[in-house]
Amino acid sequence: MCGIVAYTGKNLCKDLVFEGLSRLEYRGYDSAGFVCIDKHHGQFNFDKEAGGSSPIQRLAEKIHFDGYTGMAHTRWATHGLVDTVNAHPHFNCNKAVAVVHNGIIEGHEVLREQLLARGHHVISTTDSELAAHLFNDEIEQRSDLKEAVMAFVSQIRGAFAFVFMLTQYPDTLVVVRHRSAMVIGVGEDEAFVASDFIAFADKTNNVVFLPDDSFAFVRRDSIELYDFSGRIVPYFVQSLDQKYIEIDKGVFEHFMLKEIYEQKRAISRTIGFCKMLGSPGIDTFPHHYEHWSVATEYNDSIWRQLGLSIEQIKSLRYINLVSAGTSWHAACIAQFFFEMICKIPTRVFLASEFRYMSFFPQEDSVYIMVSQSGETADTLEALRLINSYNVPTIAITNVASSSIVREAGGFLPMQAGPEISVASTKAFSTQLATLFWIANRIALERGTITLEEMYIAEEQLCVAAEVLESTIEMYKFRIIQDLAPKYMHYSHFIFLGRHISYPFAMEASLKLKEISYIFAQCYPAGELKHGPIALVDENTPVVIFSVLDELLYHKLLANASEVKARNGHLVVFAFEGQDELIGIADTAFVIPPVAPLLGPLAMTGLMQFFIYHITRQLGMPIDKPRNLAKSVTVE
Ligand code: F6R
C-alpha cells in the first residue's frame, strides 16, 4: 500500500510533500521518509522516522533541509520490519538513485541474490531497495534514461509504482506504474506526483492519470509518457472537480466515535442520492401513505449510472458480489437482500480468493464490487479479471475518483462521506443501505415488487437508521459506566449469528479484534455444537445476534440455552418481544423491531458503540490500530 508524494518546481518542496503525505496516512503509517536534492553539491539529503503513533509528523518537525525536487513516503510494511533502515526512500550503493515504492516485487529473493553477487551492498530487508540498485545498474550500462527504465521494468514482476530521483537529473522525477495507481498534478512551473490525487488536491486540479504499464519523466514544465516498450503515449490533462476537505474530530474523542454518530445522516443521504438517480424530481420520502396511489415514476437513469440496460436488468439470472473485510460482510448480508427481494441466485466472493478460483463466466450475470476505498488491490485485481471476460461489472464505493470506479462498467457511490477511522463504521452501514435499495430497485424493475413495496422499503431503511442511532442513546450511559469497564477484562469472545445475523456477527468479531486486539472468533450459531462449544466457559463471553424470524429465533434460543447450560456467559443483541432470549442473557441489548432484513443495520450502531467503549477502556489507539491501514493497496 504505502503513500507516495513527490514534487518538482518553482517552490521549496518539503512543506508541500509533507502536507500531501499526511493526507495519505490512510495508506499506512508504520514509518515515513523524505528526500530532496541538493543541486549545488549534487547529492541527496534525506531522513526517516519509524514506529510510534505519528512518524510523519515527527519527521516533518525534525527535518531542516529543503529543495526544489523531493519526495516522501509513508510505509505499510510488507517486507522487513518497521524500522528506519527499511523505511523509504532507498538508495543504490553510491547514492546516485533514490526510490520510493508502492507494491510488491515478486521474486525479490532471486533479485537480491543477483545483486549481491554483482557486489551491491543491500542494507535493508525490503524488496524496494533492490529497485534502486537495479535501476542504477541499468543507467550505468546505457546513456539513455528511457532505455534504462525499459530494461529495468523488463526485470521486475509484481505490482508496483515507483518514483525515482537521480542526482544526475536533479530536476526530473521518474515515475513507473504497473497495477498500482499513480497520478501527476500539473501546476504552473511545477508538477506533483502522488499515489492519490488528494495529496495535492488544493494545489492543482489538472491531472494526468498514468495509464497502466507506463512510465513518465516529470519535470516542472513537461511530461514525457511512454509505454513499457518505449512508445510515446499521448496523454491528456484532465480537470478534476474535487477538493480536499480537512476533516477534524469536532467534539468527539476519536474519528471512530464521530463516524458511528454520522451513520443515520449518511444513510439518509445515501437513500436520497439513490432516489434522485432512480426518480429525479422526487427528493423527499412519501411519508403519507395515502399518496401511494399517485403513480410516481421511477426513472431509468439509475441503470445508465450502473452501466446496464433495462433489458439486462430484466434478464439477470445471477448476481455476484466481490469484496474484502468489512465490505465482504456487507456483501454477505446483501446476499439475503438479492435472493429474498429480487429472487435472483446470488453468490459472494472474497476478493483475495477470487482470482485463484476457477472462473465460469455466466450469461445474464453481473458482478458487483463492494469497496469503501475503491482501491483495495484484491478487489481491483478481481475486477480486472472479470472485465477481461466482458461480464458486466458495477462498483459500489465511497470514493468516486477511485481505481475501481474508473475500471468498472458502472458505479453507485455510497454517500458515507470521508471515513477516517481505520475501522470501518459508516461505510459498512451505507453499503448495507445502498445494497438494500438497489435490490429493491432491481426487484421493482423486474416486477417482483410493486411501487408501493418500493416506497415501504425506503421507509424501512429510514426506520432502521433511526433505530441505529436511538439505541446508542438508550444504552449510552450503561455501556460507558458499567458494561465497557466490565467486558474489557475478558481476553476471548465468541460471536454467533444465524442466517442474516451470521455475517453481522462476523463483522462484530472483526471490529472487536481490529481495534481492541482482544481475540474473537465467530461461528454460525448452528455450528456451535460441532466443536466450538468446547471453548464455552464463564470466562469467554458468547455474543449472540438475534434475527426477526420466528423459526430462526427459536433455533438461536436453543443455541443460547446450550451456552447457558455449560455455565457460559451470554451477551445478546435481541429484538423487543424476544423475552426468553433476553431473560437467559447475562447482558441483553434490546432493540425495537424493524424490517427483518434490516435487523443487522438497526443493530450496527449499538454493536460498534459497545466495542468502541471496550477499546477505549483499554486505552488502545482506536483510530489507527497497530499493523493496519485504511486502504489495502497490496495483495
Ligand atoms: C475493517 C475494514 C477492512 C476493509 C477492507 C476492505 O474495519 O475497514 O476490513 O473493509 O480492507 O476495504 P475496502 O472496503 O476499502 O475495499
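An oxygen atom of the ligand sits 2.9 Å from a side-chain N or O atom of K511. Such a polar contact is a pair of N or O atoms within 3.5 Å; within protein, one must be able to donate a hydrogen and the other to accept it, and residues adjacent in sequence count only if both atoms are side-chain atoms. The protein covers 89% of the 400 Å² of accessible area that the ligand has on its own. Areas come from the Shrake-Rupley method with a 1.4 Å probe.

This is a predicted model, in which local features need pLDDT of at least 70 and side-chain atom pairs count only at pLDDT 80 or more, while totals for chains, interfaces and linings use all residues. Residues are numbered from 1 along each chain as its sequence is written, and side-chain values use heavy atoms, with hydrogens and water left out.

**Ligand contacts**

| Residue | Protein atom | Distance to a ligand oxygen atom |
|---|---|---|
| T376 | side-chain N or O | 2.4 Å |
| S424 | polar backbone atom | 2.9 Å |
| K511 | side-chain N or O | 2.9 Å |

Around the ligand are 15 residues, each with a heavy atom within 4 Å of it. S327, S371, S373, T376 and E514 come nearest.

**Second largest pocket**

This pocket holds about 590 Å³ of space. A pocket is an open set of points on a 1 Å grid over the protein atoms alone, with protein on both sides within 12 Å along at least five of seven lines; lining residues have an atom within 4 Å of a point. Volume is the space filled by probe spheres set on the points, which are joined across faces, edges and corners.

The lining has 30 residues, and A324, G325, T326, K630 and V632 are the closest to the pocket centre. Helix α10 (325-342) gives the most, with four residues. At least two residues each come from α10, β17 (365-371), α12 (377-388) and α16 (501-516). Domain 2 (258-449) and domain 3 (473-618) each supply at least three. By class, the lining has twelve nonpolar, 13 polar and five charged residues.

**Cavities**

The whole structure has three cavities of 30 Å³ or more. In a cavity, a 1.4 Å probe fits but cannot get out. The largest cavity holds about 80 Å³. Its lining counts 15 residues, with C2, T78, H88, G103 and S128 nearest the centre. Strand β6 (residues 97-106) contributes the most to this lining, with three residues. Five lining residues are nonpolar, eight polar and two charged.

Conventions:
Nonpolar A, V, L, I, M, F, W, Y, C, P; charged D, E, K, R; others polar. Domains from an automatic or database assignment.
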